[in-house]
Amino acid sequence: MAGADPSVLAVGAVCMDTMAVVDHFPSPDEKMRTQSLTHIPGGNAGNVCSNLARLGVSVMILGNLPCDSAGKALRADFDATGVLHSLSCHGTRTPSSFIIVDTARGSRTILHTPSDHDQTVEDLTEAWQSLHPAASTSV
């Protein structure tokens with residue numbers, strides 16, 4: 001998505017997070033109910049961009065994000081929050097994290113599943129050139 005020059009340009013991780021809030025961290029083989037279960041955008045760069053945009057800062061994220069259903073949902077969330085984005089579309093699985101929030105201890109545990117495609121310099125170059133077709137091939 002192209003637009004006005006952003007104040008902040010982020011390059012980095014974008015993930016789909018699933019967050020389960022529980023009364024306590026489960027013991028081995030324990031079955032328990034969650035207080036809540038939510039699917040939210042995540043990843044360091046994705047979180048920074050979404051939160052800055054909500055504060056009114058003009059931001060853009062540059063990188064790679066697969067075009068699976070999670071990747072499409074993340075792009076839609078960026079559109080809804082006003083995050084400009086130029087994301088190449090390589091790989092078939094969006095990175096995801098399952099986050100267990102233990103309210104008794106005030107802690108969190110994160111289980112991360114990476115994408116099946118590591119972000120490369122070529123991905124960043126492709127994303128950059130989609131914004132600036134006349135730019136040189138180096139980022």
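**Helix α1 and its cysteine**

A: In this predicted model, helix α1 spans residues 44–54, and its buried residues are Ala45, Gly46, Cys49, Ser50 and Ala53. Seen down the axis of α1, these buried residues fall within an arc of 125°, so they line one face of the helix. Just after α1 comes Gly56, which has a positive phi of about 95°.

If neighbours within four places in sequence are left aside, Cys49 is in contact with Ala10, Val59, Met60, Ile61 and Val83. Cys49 also belongs to the largest nonpolar core, which has 14 residues, and it is listed with Val14, Ile61, Phe78 and Val83 as the members that touch the most others. The elements that give two or more residues to this core are α1, β4 and α2. Apart from this core lies another, of five residues, among them Met60, Leu62, Leu84 and Leu131. As a general point, nonpolar side chains in soluble globular proteins tend to be buried together.

Cys15 is buried, because its relative accessibility is 6%. Cys49 is in no disulfide, and the nearest cysteine sulfur, that of Cys15, is 13 Å away. Seen from Cys15, the closest cysteine sulfur is that of Cys49, and the 13 Å between them is too far for a bond.

A search of the whole structure does find one disulfide, and this joins Cys67 to Cys89, with an S to S distance of 1.7 Å. The pair links distant parts of the chain, since Cys67 lies in the loop between β4 (59–64) and α2 (69–81), whereas Cys89 lies in the loop between β5 (84–88) and β6 (96–102), 22 residues apart. Cys67 counts as partly exposed, because its relative accessibility is 36%, and Cys89, with a relative accessible area of 33%, is partly exposed as well.

Key. Residues are numbered from 1 along each chain as its sequence is written. This is a predicted model: local features need pLDDT of at least 70, side-chain atom pairs count only at pLDDT 80 or more; totals for chains, interfaces and linings use all residues. Side-chain values use heavy atoms; hydrogens and water are left out. A disulfide is a pair of cysteine sulfur atoms within 2.5 Å. Helices (H or I, at least four residues) and strands (E, at least two) are DSSP runs, numbered from the N terminus. Buried means under 20% relative accessible area, exposed over 50%, partly exposed in between (1.4 Å probe, protein chains only). The arc is that of the directions from the helix axis to the C-beta atoms. A nonpolar core is a set of buried Ala, Val, Leu, Ile, Met, Phe, Trp, Tyr and Cys residues joined through side-chain atoms within 4.5 Å. Contact means heavy atoms within 4.5 Å.
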